[in-house]
Amino acid sequence: MPEVSTQERSPAFRTDVKLTEESLLTDDFVRQLINVGEVDILVGLPTHNNSKTIGPVVAAIQGGLLQWFPRERAAIINADAGSRDGTPDLVANAAIDDMQRRAFNRSALRTLHSISTQYGSSIAPGAALRTILAAAELLRARACAVISPESTSIQPEWLRALLKPIYKEDSDLVLPTYARHKFDGLLITNLLYPMTRALYGLRIREPYASEFAFSGRMGSQFLAQTSWNDDGVRDGCEVRFTLAAIASGFRVSQSFVGTKPHVERHAADLVPALRQTIGVLFSSMEPNFSLWSGKTGSQAVPTTGAEQQFTLEPLRVNRKRLHEGFRTGVAELGSIFQSILLPDTLAELQRLAHQEEDDFHYPADLWVKTIYEFAAAHHRAVISRDHVIQALAPLFRGRAFTFLVENRDSSASEVESHIETLCLEFERQKPYLLEMWNGRK
Amino acid sequence: MREMIVSELTQAAQEFARGFARLLPRLIVLVIIAFVGWLIAYLLKVIVRSILRLIKFDRLSENAGASQLLAKAALPSSSELLSRLVFWVAWLGFILLGVSALGILGLQEQIAHFFLFLPRLFVALFIMFFGLLAASFFSRAALLATVNANLPSPRLLSASIRAIIIVFVLSMVLEVLGIGEQTMLVAFGIAFGAIMLGLAIAFGTGGKELAREFLERRFAHRHEDKENEDELSPL
């Protein structure tokens with residue numbers, strides 16, 4: 001077992017620790033951090049009852065750090081939301097043995113610290129991220145990564161892909177690109193990615209990333225500038241983090257990491273997903289108006305490896321449920337849509353709602369128009385902003401249905417081409433968004 | 001005889017003239033107060049209207065569903081209506097102040113009652129407005145939640161929630177105004193109890209099938225779906 005140098009253990013700590021951090025982190029946690037001293041790399045692991053998947057994830061993180069960063073001082077920080085299945089113990093005790101250590105890298109010199117802390121009793125990704133950011137600032141980490149405890153397909157190489165551009169190059173935020181099923185992440189491919197791209201002019205494939213890496217300076221800035229008591233920050237911190245990097249002019253890049261596991265979701269997950277992504281995106285438009293209003297077109301961001309890959313294995317999907325969701329939504333929410341949409345757009349949607357499943361087609365131009373009208377309604381707060389986001393759910397189901405039908409037999413390149421067409425439509429109609437935003441329509 | 005009649009008439013005319021002479025300055029005071037009151041009330045109306053426009057009160061009222069009600073009744077916008085109300089209440093207040101200057105006994109007591117009633121009127125209006133706002137918000141929230149959860153009869157549920165809140169708000173408003181306090185309390189108790197009992201019976205008997213359907217869809221079908229079809233991950 002390699003010795004831990006005294007230098008490494010010395011608590012060469014910043015004396016300007018902020019009061020907010022002091023109150024945020026528990027005494028015990030701070031003591032453990034002091035024992036660690038400064039680190040080069042920090043890996044954050046937000047958890048809540050993940051005992052089934054956490055083992056391989058921690059093993060992959062440890063393997064990745066030993067294999068790709070053998071001489072760097074590193075720590076794994078587990079921010080737990082009060083798991084009752086022993087997740088923090090699994091993380092803390094998942095010490096890699098000497099044999100495995102040698103298998104990864106013979107020259108690994110450093111002790112890998114692993115610390116668990118409980119940040120609260122409710123699951124709030126924002127609170128977990130805040131704990132990780134505060135720990136990273138205290139440990140003066142140069143590069144940090146956040147890894148999802150549900151990423152069962154994670155490989156040690158993911159750590160290299162995410163951290164290298166930060167640690168060895170000059171990136172400030174590294175977002176992943178994955179190989180994922182063509183029908184997974186429909187909210188991202190049909191709305192979040194195209195709209196973020198149209199607004200901010202950057203082709204970021206995964207603005208909502210469950211794994212990402214960032215520089216210490218970006219983490220510190222985000223920690224200091226964010227109002228952490230807002231509900232939106234607590235729930236949609238991933239997208240907010242990405243948008244903050246764009247707005248502050250940090251260098252954003254992408255790295256292909258590998259296959260994203262297919263996570264089973266329920267229909268009820270759609271509204272929270274919309275809040276965490278589109279709600280945050282819409283909210284960001286107001287403070288960033290001067291940034292996005294003048295942007296036209298889009299440009300690629302530096303990407304290591306493939307930009308995005310689609311897998312095509314057969315997947316049985318209940319399309320009928322999506323179609324029904326759209327029809328019911330348009331029929332029942334007419335009074336709400338009247339406050340949000342222009343009469344022409346609403347009439348067009350009502351016409352679509354009368355189409356049978358076989359004939360149903362929610363075209364890209366109408367979808368983009370709908371979204372831009374929703375964004376403007378959110379800006380003007382014509383009704384409660386959360387209600388605007390909730391009202392989008394049935395319409396998204398209609399668009400998802402069309403995407404599934406359009407790409408039923410499509411190859412990966414055809415799917416990519418359809419997504420690109422949609423993105424260009426979002427970019428083309430941006431003047432319409434500005435008109436709506438400024439209340440000229 | 002004739003002289004007596006003339007004398008009485010003369011005396012009556014003189015008394016009337018004296019009374020009128022005593023009343024005339026008060027009438028002039030009444031007219032002046034009414035005129036100044038009109039000016040102040042008009043000024044208040046303009047100020048209130050500007051403030052309401054500044055805080056986008058019409059949009060708030062639209063969200064509360066009050067604008068739709070007003071439009072159906074062919075009434076002006078809520079900010080206009082409220083500013084007019086302020087004008088009339090203020091002017092009426094000044095007129096009554098002037099009338100009290102006439103010193104007519106009995107009338108003064110009624111005027112005092114009116115001024116005591118004013119704060120309650122404003123509290124009632126306040127409760128009414130925010131009650132409508134709450135009714136609109138919660139009925140819309142219920143409608144969205146029901147539609148997104150794919151539950152049956154979303155509009156019925158939403159309308160029921162709105163109706164219950166409005167009934168509750170109206171009973172509060174009438175209680176504040178002191179109109180048929182006891183009657184309203186009893187009527188509300190009976191109506192609310194009847195609605196709840198009706199709902200309980202309806203759910204217990206008529207909704208048996210619906211509940212079974214709901215539970216089946218919620219649990220049994222979900223397992224079936226899981227076996228046959230994958231759920232799409234939106235993220």
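**Domains, helices and strands**

Modeller: In chain A, 26 residues of domain 1 are in contact with 24 residues of domain 2. Contact means C-beta atoms, placed from the backbone, within 7 Å. This is a predicted model: local features need pLDDT of at least 70, side-chain atom pairs count only at pLDDT 80 or more, and totals for chains, interfaces and linings use all residues. Residues are numbered from 1 along each chain as its sequence is written, with chains lettered from A and ligands numbered from 1 in the order in which they are written.

Colleague: Which elements give two or more residues to the domain 1 side in chain A?

Modeller: Helix H9 (186-200), helix H13 (270-285) and strand E11 (309-311) of chain A. Helices (H or I, at least four residues) and strands (E, at least two) are DSSP runs, numbered from the N terminus. H9(A) gives the largest share of that side, 9 residues.

Colleague: How do the residues of that side divide?

Modeller: Into 14 nonpolar, 8 polar and 4 charged. Nonpolar here is Ala, Val, Leu, Ile, Met, Phe, Trp, Tyr, Cys and Pro; charged is Asp, Glu, Lys and Arg; the others, Gly among them, are polar.

Colleague: And where are the domain bounds in chain A?

Modeller: Domain 1 is 6-311 and domain 2 is 319-437. The bounds come from an automatic or database domain assignment.

Colleague: Switching to chain B. How many helices and strands?

Modeller: Chain B has 8 helices and 0 strands. Buried residues make up 14% of its 235 residues. Buried means 20 or more other C-beta atoms within 10 Å of the residue's own, exposed means 12 or fewer, and partly exposed is in between, with C-beta atoms placed from the backbone.

Colleague: What about helix H6 of chain B, how far does it reach?

Modeller: H6(B) covers residues 154-177, 24 residues, and reaches 35 Å from its first C-alpha to its last. That is close to the 34 Å expected at 1.5 Å a residue. The expected span is 1.5 Å times one less than the number of residues.

Colleague: Which of the H6(B) residues are buried?

Modeller: B:Pro154, B:Ser158 and B:Arg162. The buried residues of H6(B) pack against helix H15 (319-332) of chain A together with helix H5 (107-148) of chain B. Just after H6(B), B:Gly178 takes a positive phi of about 75 degrees.

Colleague: Back to chain A. Is helix H8 mostly covered or mostly exposed?

Modeller: Mostly covered: 9 of the 12 residues of H8(A) are buried. Among them are A:Trp158, A:Arg160 and A:Tyr167.

Colleague: Which residues touch the most other members of the largest nonpolar core?

Modeller: A:Ile41, A:Leu42, A:Leu139, A:Leu162, A:Leu163 and A:Ala213, out of 137 residues. Such a core is a set of buried Ala, Val, Leu, Ile, Met, Phe, Trp, Tyr and Cys residues joined through C-beta atoms within 7 Å.

Colleague: Leaving aside neighbours within four places in sequence, what is A:Leu139 in contact with?

Modeller: A:Leu33, A:Val36, A:Glu38, A:Val39, A:Leu42 and A:Ala75.

Colleague: Last topic, strands. What does E8(A) pair with?

Modeller: E8(A) pairs with strand E10 (residues 303-304) of chain A in the parallel sense, over 2 bridges. Pairing takes at least two DSSP bridges between the strands. A:Ser255 stands opposite A:Thr304 in E10(A). Strand E5 (residues 173-181) of chain A also runs parallel to E8(A) (residues 252-259), joined by 7 bridges. There, A:Leu175 has A:Gln254 as its bridge partner in E8(A).

How values were computed
Contact = placed C-beta atoms within 7 Å.
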